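Have the sequence and the coordinates open as you read.

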Amino acid sequence: MKLYNTLSRQKQDFIPRQNNVAGIYSCGPTVYNYAHIGNMRTYIFMDWLRRVLRFEGFGINHVMNITDVGHLVSDGDDGEDKMEKGAREQKLTPWQIAEKFTQAFMSDLDALNIEHPEIICKATDHIGEMIEFVQALCEKGYGYETSDGIYFDIGAFPGYGKLSRIDLEGQRAGARVEINDEKRSPEDFALWKKAPPEHIMQWPSPWGQGYPGWHIECSAMARKYLGPRFDIHTGGVDHIPVHHENEIAQSEGLLGHEPADIWLHGEFMLVNNGKMSKSLGNTYTISDLEMRGFSPMHFRYFCAGGHYRNKLNFTFESMEAAKTSYERLLTLIHSHKNGTDCPDAEVLKKLRAEMRDAIADDLNIPKAIGTLWTLCKSPCKSREIYDTVMEIDSVLGLRLDSEPALPEPETPDAEIAQLIEQRQAARKNKNFAEADKIRGELRNRGIELTDTKDGVTWKRI
């Protein structure tokens with residue numbers, strides 16, 4: 001089995017460190033709001049990793065954090081904590097916010113058939129481990145104190161930037177203003193922040209009341225549950241230049257070696273070929289998709305159309321195509337369920353091998369899906385084909401044993417039908433202005449008309 005390591009920029013064989021069990025750490029959500037579909041794509045990729053590893057015969061010890069404190073609205077260690085900001089906006093306490101959105105996130109995992117990691121740990125339950133980690137870094141000369149917190153001195157860590165391969169000197173040359181003149185370098189990042197009296201989430205520490213920096217939680221919890229070195233660290237590509245770069249620095253600074261052997265990163269999801277962002281107002285949740293007639297499996301199948309290391313462009317047209325394709329696939333699969341034909345054993349063996357090779361080659365799910373279609377299109381209706389599909393679905397997680405949805409014929413209500421007839425009459429009388437007016441009114445009501453040589457068709461939009 002091969003995986004692409006962001007740190008080395010190449011695929012490498014996966015060889016676990018301990019007893020054929022894969023030790024995995026995944027960066028979990030900051031629970032101040034609902035996770036959007038771009039976030040959930042990353043967790044679907046995380047789930048495919050788990051399923052492929054198990055399919056290949058490995059055991060799994062998987063840890064995922066819940067960030068319920070310490071993630072500031074700016075990666076530059078300024079601004080307020082996202083939890084406090086969310087609590088203020090929703091008139092709840094930070095702990096109520098954390099509980100509300102943690103439960104929402106877990107519900108989304110279940111809806112998308114994403115397996116829960118073996119260990120799910122909250123940042124607020126591990127403040128002690130974080131303080132100890134920061135103290136040890138200070139003792140080793142990596143941490144220093146300022147008036148507003150404890151910072152990691154990247155000048156003391158020559159390897160800083162090796163994950164993202166950033167040009168620090170060039171970045172500094174282009175910097176306009178130094179925000180915190182107490183920092184030794186602009187890129188030094190917070191290990192611990194001193195809290196003003198009005199800050200709600202704060203804990204006692206050797207440096208006074210405060211709260212942890214965002215990055216320290218992952219280093220502390222990964223070390224606690226997976227030991228000083230583990231196999232795989234996952235996250236989104238947005239984590240590479242800041243969060244994961246800082247994780248490597250502080251973990252290697254303390255331990256003397258990199259914390260993970262392989263770093264896996266899922267690419268961005270775009271919306272209409274542009275950036276997806278809450279600030280741009282173009283994010284959607286799984287609930288939003290369900291309200292528009294798409295099931296969570298339609299979205300998971302849509303994600304299966306792109307490799308996890310490639311950008312994936314979301315449009316509602318592409319979701320419609322994924323929905324149609326998924327339902328058609330279920331129909332094909334169902335046609336084999338009670339089949340009695342005998343498939344060509346060599347062809348079946350070849351397709352099984354192709355699918356297995358695809359998933360073992362850096363989780364090439366799109367290629368596996370293509371082979372699955374070839375298998376399901378077989379004119380030979382065979383229970384053996386059905387059973388093979390169920391075997392590969394243990395990796396795909398698409399619930400391919402589901403009954404295909406039956407299309408429900410739509411009929412327009414009386415008023416809509418009357419308007420369509422009136423438009424047809426106007427067109428027949430060459431009163432095109434009236435016909436266009438009625439067409440516009442129907443569109444405002446969510447009805448799209450299409451004129452064909454056989455007459456007019458309609459659909460809801």
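## Charged pairs across the chain

Lys-2 is partly exposed, at 37% relative accessible area (buried is under 20%, exposed is over 50%, and partly exposed is in between, using a 1.4 Å probe and protein chains only). Asp-13 is also partly exposed, at 47%. Lys-2 and Asp-13 form a salt bridge, with the closest N and O atoms 2.7 Å apart; the term calls for a side-chain nitrogen of Lys or Arg within 4 Å of a carboxyl oxygen of Asp or Glu. The pair links distant parts of the chain, with Lys-2 in strand E1 (residues 2-5) and Asp-13 in strand E2 (residues 10-13), 11 residues apart. Helices (H or I, at least four residues) and strands (E, at least two) are DSSP runs, numbered from the N terminus.

A word on the ground rules: this is a predicted model, where local features need pLDDT of at least 70 and side-chain atom pairs count only at pLDDT 80 or more, while totals for chains, interfaces and linings use all residues. Residues are numbered from 1 along each chain as its sequence is written, and side-chain values use heavy atoms, with hydrogens and water left out.

The structure holds 29 salt bridges. One of them joins Asp-148 and Lys-193, at 3.2 Å from N to O. Asp-148 sits in the loop between strand E6 (143-146) and strand E7 (149-152) and Lys-193 in strand E8 (residues 189-194), so this pair ties together parts 45 residues apart in sequence. Asp-148 is partly exposed at 23%, whereas Lys-193 is buried at 8%.

Lys-162 and Glu-252 make another salt bridge, their closest N and O atoms being 2.7 Å apart. Here the partners are 90 residues apart: Lys-162 is in the loop between E7 and helix H5 (168-174), and Glu-252 is in helix H7 (residues 240-255). Lys-162 is partly exposed at 24%, while Glu-252 is buried at 18%. Then there's a network: salt bridges with shared partners join Arg-423, Arg-427, Arg-439, Arg-443, Glu-448 and Asp-451.

Five strands make an open, parallel sheet in the order E5-E4-E3-E10-E11 (strands pair if DSSP finds at least two bridges between them). At the edges are strand E5 (119-122) and strand E11 (260-266), each pairing on one side only. From one strand to the next, the twist averages 20 degrees. Strand E4 (residues 59-66) pairs with E5 over four bridges, and Val-63 has Ile-119 in E5 as its bridge partner.

Helix H1 (residues 37-55) lies across strand E3 (21-26), E4, strand E10 (230-236) and E11, at about 155 degrees to E10. Axes are lines fitted to C-alpha atoms, for helices over the stretch in contact (heavy atoms within 4.5 Å), and angles run from 0 to 180 degrees between N-to-C directions. H1 is mostly covered, with 16 of its 19 residues buried.

## The antiparallel sheet

The other sheet described here is open and antiparallel, with four strands in the order E6-E7-E8-E9. Its edge strands are E6 and strand E9 (210-212), each pairing on one side only, and its twist averages 25 degrees from one strand to the next. E7 and E8 pair over four bridges, and Phe-152 has Phe-189 in E8 as its bridge partner.

Helix H4 (residues 127-139) packs on this sheet and touches E6, E7, E8 and E9, with its direction at about 120 degrees to that of E8.
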